[in-house]
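Welcome! Let us take a friendly walk through a protein model, one topic at a time. Keep the structure open beside you as you read.

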Amino acid sequence: MKFAIFGDIHANLEALQAVLQDAGDQGCASFVCLGDIVGYAANPSECLEIVRQMNCPAVRGNHDEGAACNSSLDELNPLAQAALLWTRSQLTREQRDWLQDLRLVRQVRDFTVVHATLDSPGAWGYVTNRFDAMASFSYQFTQVCFYGHTHVPRIFEKDDSVRAGRVTDVQFQRGVKYFVNVGSVGQPRDGDWRASYAIYDVQNQTVAIRRVEYDIETAQKKILDAGLPPLLAERLSLGK
Ligand code: ZN
C-alpha cells in the first residue's frame, strides 16, 4: 500500500494534476492532503474541488483559513494578502465553509499529519531547524508525522537527539521518529521549480520525496491573466 502525501498546492492546478498523475503512475491508491489548497495561484476553486472529490484525509493550512474567514490578513505578507483577497472572491460560501471545517491535526492509519507544527498547529509557526523540530516531536505520538508550510522538503529524525536528515528516500528504523516535510506542490521554495510531494510505502516502511515537472507556463499565464501580483508568477520559475 502506497500513500501519496501532498500539500501547499496553492491553487496551482497544473502542478496538482501533474502530481496526481505521477502518484497514480507510481502505484499510489491512497492520498492525504496537508493543506494550503488555495492562495497564490489562479485556480483555487478547481483545486479545492479536486481535493474534495478525492475524499481523502486533509488538514487545514493558514491560507485555507485566510480564504475561509473574513478576518484581517495583516499578519501575512503583502503578496499573500493580495492573493487571499482575490481567492475569497473566487470561492463560494460553501467552499469556504468546507475549508474552515478541515481539522488542524489528523491521524491516518499509523501516522500523523499537520500543516505547520504539532506543538501549536493553529499558530502557523515554521519548522526550519532541529530546535523547531524538537518542539513538534514532543507532541508526536506516532513514529512518523508529515507536514508542510515551509515549502521546503526535509526529513527530521529523532532518537537520542534530533537531526535534520536526508531529503530523499528514507527507510524507517525502529526506535527512530520522523518529521517529514513533503515540500510544496504549487510553489516550491528550495530552488527547484518542480512540484514536490512524498510517497509513503507502508509495506517497505520507506518514504521518498518525488519531484514532478508540470506546465509552468500555463500556470504563470493564468496568474497574470487573473490580475494577481506578477511576482507570484515569476517566483514559480525560480522555485522560491
Ligand atoms: Zn503554503
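## A pair that is partly exposed

At a relative accessibility of 31%, Asp159 counts as partly exposed. Keep in mind as you look around that this model is predicted. Asp159 has a charged partner, Arg163, and the two form a salt bridge whose closest N and O atoms are 3.0 Å apart. Arg163 is partly exposed too, with a relative accessible area of 31%.

How many salt bridges does a search of the whole structure find? The search finds 12. One of them joins the side chains of Arg52 and Glu94, at 2.8 Å from N to O. This pair links distant parts of the chain, with Arg52 in helix α2 (residues 44-54) and Glu94 in helix α5 (residues 93-100), 42 residues apart. Glu94 has a relative accessible area of 46%, so this residue is classed as partly exposed.

Now stay in helix α5 for another example. The side chains of Arg93 and Asp97 meet in a salt bridge, at 3.1 Å from N to O. Why are Arg93 and Asp97 separated by about one helical turn? The reason is that they sit four residues apart in helix α5. Arg93 is partly exposed at a relative accessible area of 44%, and Asp97 is also partly exposed, at 35%. Elsewhere, salt bridges link Asp190, Asp192, Arg194 and Arg211 in a network.

## A buried alanine

Next, find Ala68, which lies in helix α3 (residues 62-68). Is Ala68 buried or exposed? Its relative accessible area is 2%, so Ala68 is buried, given that buried means under 20%.

Who surrounds this residue? Leaving aside neighbours within four places in sequence, Ala68 is in contact with Arg93, Arg96, Leu99 and Gln100. Arg93 is the residue that also forms a salt bridge with Asp97. You can look for Arg88 as well: it is 20 residues from Ala68 along the chain, and the C-alpha atoms of the two are separated by 7.1 Å.

## A sheet with a helix on it

Now turn to the strands. Five of them make an open sheet in the order β2-β1-β10-β11-β8, with mixed pairing. Which strands stand at the edges? They are β2 (30-33) and β8 (170-171); each has a single partner strand, so one side of each is left without a neighbour in the sheet.

Strand β1 (residues 2-6) pairs with β2 in the parallel sense, over four bridges. To see one of the bridges, find Phe3, whose bridge partner in β2 is Ser30. Helix α1 (residues 13-25) packs on this sheet, touching β1, β2, β10 (195-201) and β11 (206-212). The direction of α1 makes about 25 degrees with that of β10.

## Two helices side by side

Finally, look at helix α7 (residues 216-225) and helix α8 (residues 230-238). They pack at an angle of about 165 degrees, and their axes are 8 Å apart. That angle makes α7 roughly antiparallel to α8, because angles over 145 degrees count as roughly antiparallel. The crossing of α7 and α8 is right-handed.

Which residues make the contact? On the α7 side they are Ile216, Ala219, Gln220, Ile223 and Leu224. On the α8 side they are Pro230, Leu232, Ala233, Glu234, Leu236 and Ser237.

Conventions: Residues are numbered from 1 along each chain as its sequence is written. This is a predicted model: local features need pLDDT of at least 70, side-chain atom pairs count only at pLDDT 80 or more; totals for chains, interfaces and linings use all residues. Side-chain values use heavy atoms; hydrogens and water are left out. A salt bridge is a side-chain nitrogen of Lys or Arg within 4 Å of a carboxyl oxygen of Asp or Glu. Buried means under 20% relative accessible area, exposed over 50%, partly exposed in between (1.4 Å probe, protein chains only). Two strands pair if DSSP finds at least two bridges between them. Contact means heavy atoms within 4.5 Å. Axes are lines fitted to C-alpha atoms, for helices over the stretch in contact, and angles run from 0 to 180 degrees between N-to-C directions. Angles under 35 degrees count as roughly parallel, over 145 as roughly antiparallel, 65 to 115 as roughly perpendicular and the rest as oblique. A crossing is left-handed if the near helix is turned anticlockwise from the far one by less than a right angle, and right-handed if clockwise.
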